[in-house]
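User: Could you take me through the aromatic pairs in this model in some detail? I would also like to hear how they sit in the rest of the fold.

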Amino acid sequence: TQSVGTEQHYKQALRHYKKAEVAKIRQSEVASSQIHNNVSVLHYQLGDMPSATQAMKRALKEALRETGGGEVDESLLAEPAEEAAAADDDASSSSSSSSSSSSSSSASSPNAAVNMARAILTVYGDTLYQPEKITMAYNLARLFEQTKAVVQARTVYSELIRKFPLYPEPHMRLAEIEAAAGDLDAALARVQDVLSVKPGDKNAL
């Protein structure tokens, strides 16, 4: 549990980043992927996973633009609630209320989070593993973990290890995932990987 002071620090930082985003818009510019990534991390630290996911999606969109990629089909990344609303514009008030409640539940469910994680990797997979974007990829995988999209988190960590084997954090996260799944032998092997990359790592000892 984080202290009140730490929480206030995160909220203050979030306000500063949002001001930076507004300033960019007023100058007819776009905020960098790094700004959106940092906003996502702050929402994550505050426990607001939906806002963290939205900020990360903006970060990935800008990362794609920054690396010379093209536009993406935004409909592939629509939230379940947004899809339901678009498909049910003519529904009656009572029916709409019921549908909205159901969609809201779906949007916050593990299945919805997994589907979103799959969509993100489908749309942005190649962008994630640019050398200058590895921290963003790691943060995305942490977000996947927190929203129970563990398979997708494994995918990102494993690809980071394949492309950047000396980056210790993905090794450590996979060790944590294996331990949580009860596979202590696999977890220990991952810890050994961490120590081979970063001898004396306090988190691995």
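Here is the part I have in mind, with the chain around it to follow.

Analyst: Happy to. This is a predicted model, so local features need pLDDT of at least 70 and side-chain atom pairs count only at pLDDT 80 or more, while totals for chains, interfaces and linings use all residues. Residues are numbered from 1 along each chain as its sequence is written, and side-chain values use heavy atoms, with hydrogens and water left out.

Let's begin with the rings. A pair of aromatic rings is described by the distance of the centres and the angle of the planes. Rings of Phe, Tyr and Trp (its six-membered ring) pair if their centres lie within 6.5 Å; planes under 30 degrees apart count as stacked, over 60 as edge-to-face and the rest as tilted. Two aromatic pairs are present in the structure. In one of them, Tyr138 and Tyr157 are tilted, at 5.9 Å centre to centre with 50 degrees between the planes. This pair links distant parts of the chain, since Tyr138 belongs to helix 7 (residues 134-146) and Tyr157 to helix 8 (residues 150-163), 19 residues apart. Helices here are DSSP runs (H or I, at least four residues), as strands are (E, at least two), numbered from the N terminus.

Both Tyr138 and Tyr157 are buried, where buried means under 20% relative accessible area, exposed over 50% and partly exposed in between (1.4 Å probe, protein chains only). Tyr138 also pairs with Tyr167, edge-to-face, with 6.0 Å centre to centre and 65 degrees between the planes. That pair, too, links distant parts of the chain: Tyr138 in helix 7 and Tyr167 in the loop between helix 8 and helix 9 (168-180), 29 residues apart. Why do Tyr138 and Tyr167 count as buried? Tyr138 does so because its relative accessibility is 14%, and Tyr167 because its value is 15%. Through these ring pairs, Tyr138, Tyr157 and Tyr167 are linked into a cluster.

Now for the surroundings. The chain has ten helices and zero strands, and 40% of its 205 residues count as buried. Contact means heavy atoms within 4.5 Å; of the contacts in the chain with a separation of 6 or more, 58% are between residues 24 or more positions apart.

A nonpolar core is a set of buried Ala, Val, Leu, Ile, Met, Phe, Trp, Tyr and Cys residues joined through side-chain atoms within 4.5 Å. The largest one has 38 residues, and those with the most contacts inside it are Leu60, Ile120, Tyr124, Leu140, Phe144, Val156 and Leu160. Helix 6 gives the most, with nine residues. Leaving aside neighbours within four places in sequence, Tyr124 is in contact with Lys57, Leu60, Lys61, Leu64, Val72 and Leu77. Apart from that core lies another of eight residues, including Tyr10, Ala31, Ile35 and Leu42.

Finally, a look at helix 2 (residues 33-45): ten of its 13 residues are buried, among them Ser33, Ile35 and Leu42. Ser33 is buried because its relative accessible area is 3%. Beyond neighbours within four places in sequence, Ser33 is in contact with Ala59, Glu62, Ala63, Glu66, Lys133 and Met136.
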